[in-house]
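Notebook open, structure loaded. I wanted to look up the charged pairs and then the sheet.

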Amino acid sequence: MEFKQKIHSHYSQMVQDRIDVFKDMISGLTEDSKNDAKGSAGDKHETALSMMHIEQEKLTNKLKEAIAQKAILDKIDASKTTENIISGSLVKANGIYLYVSVALPKIAIDGINVIALSPQSPLGNHLMGNKVGFQFEINKTHYTIEEVN
């Protein structure tokens with residue numbers, strides 16, 4: 001498996017794991033609220049139930065975000081290489097590997113740090129459509145694109 005494909009696979013699995021965790025947490029809260037509804041009454045019960053619903057809404061929003069990220073990752077063909085930077089490109093700039101896809105935490109693959117960033121981010125926006133040798137500046141940091149895979 002090529003380096004870029006390993007990165008893509010790792011990020012896809014990371015997002016899928018988050019989706020699974022959020023689903024489990026939501027179903028756990030749903031189960032808790034059903035059990036709690038059977039044996040309690042009064043203001044404390046209503047407050048607890050309300051807090052559970054708020055937490056459930058937060059988790060549902062996080063789940064939707066993770067599902068959207070997974071959908072974006074699923075559309076990327078990690079075996080494809082282009083000269084110009086597109087969504088799914090692995091870019092080396094200033095010695096830093098950037099995976100243009102969705103904003104996710106930094107990972108290390110084969111001992112090399114990789115940062116996943118959204119094409120809509122300030123850095124991602126500057127990268128999109130450009131190729132090796134392109135130079136630009138963001139927040140007083142000068143960048144040079146060294147590789148595009």
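Does Asp74 count as buried or exposed? I looked it up in what is a predicted model: Asp74 counts as exposed, because its relative accessibility is 51% and the cut-off is over 50%.

Next I checked its partner. Asp74 forms a salt bridge with Lys70, with the closest N and O atoms 3.0 Å apart. Lys70 is buried, at a relative accessible area of 16%.

I then went through the rest of the salt bridges; the structure holds three. Lys6 pairs with Asp110, again with closest N and O atoms 3.0 Å apart. This one links distant parts of the chain: Lys6 is in helix 1 (residues 3-39) and Asp110 in the loop between strand 3 and strand 4, 104 residues apart. I noted Lys6 as partly exposed at 29% and Asp110 as exposed at 53%.

Glu83 and Lys131 meet at 3.1 Å, N to O. Glu83 lies in the loop between helix 2 and strand 1, and Lys131 in the loop between helix 3 and strand 5, so the pair ties together parts 48 residues apart in sequence.

I found an open sheet of six strands in the order 3-4-2-1-6-5, with mixed pairing. Strand 3 (104-109) and strand 5 (135-138) are at the edges with a single partner strand each, so one side of each has no neighbour in the sheet. Strand 5 runs antiparallel to strand 6 (residues 141-148), joined by four bridges; I also noted that Ile138 has Thr141 in strand 6 as its bridge partner.

Terms used. Residues are numbered from 1 along each chain as its sequence is written. This is a predicted model: local features need pLDDT of at least 70, side-chain atom pairs count only at pLDDT 80 or more; totals for chains, interfaces and linings use all residues. Side-chain values use heavy atoms; hydrogens and water are left out. Two strands pair if DSSP finds at least two bridges between them. Helices (H or I, at least four residues) and strands (E, at least two) are DSSP runs, numbered from the N terminus. A salt bridge is a side-chain nitrogen of Lys or Arg within 4 Å of a carboxyl oxygen of Asp or Glu. Buried means under 20% relative accessible area, exposed over 50%, partly exposed in between (1.4 Å probe, protein chains only).
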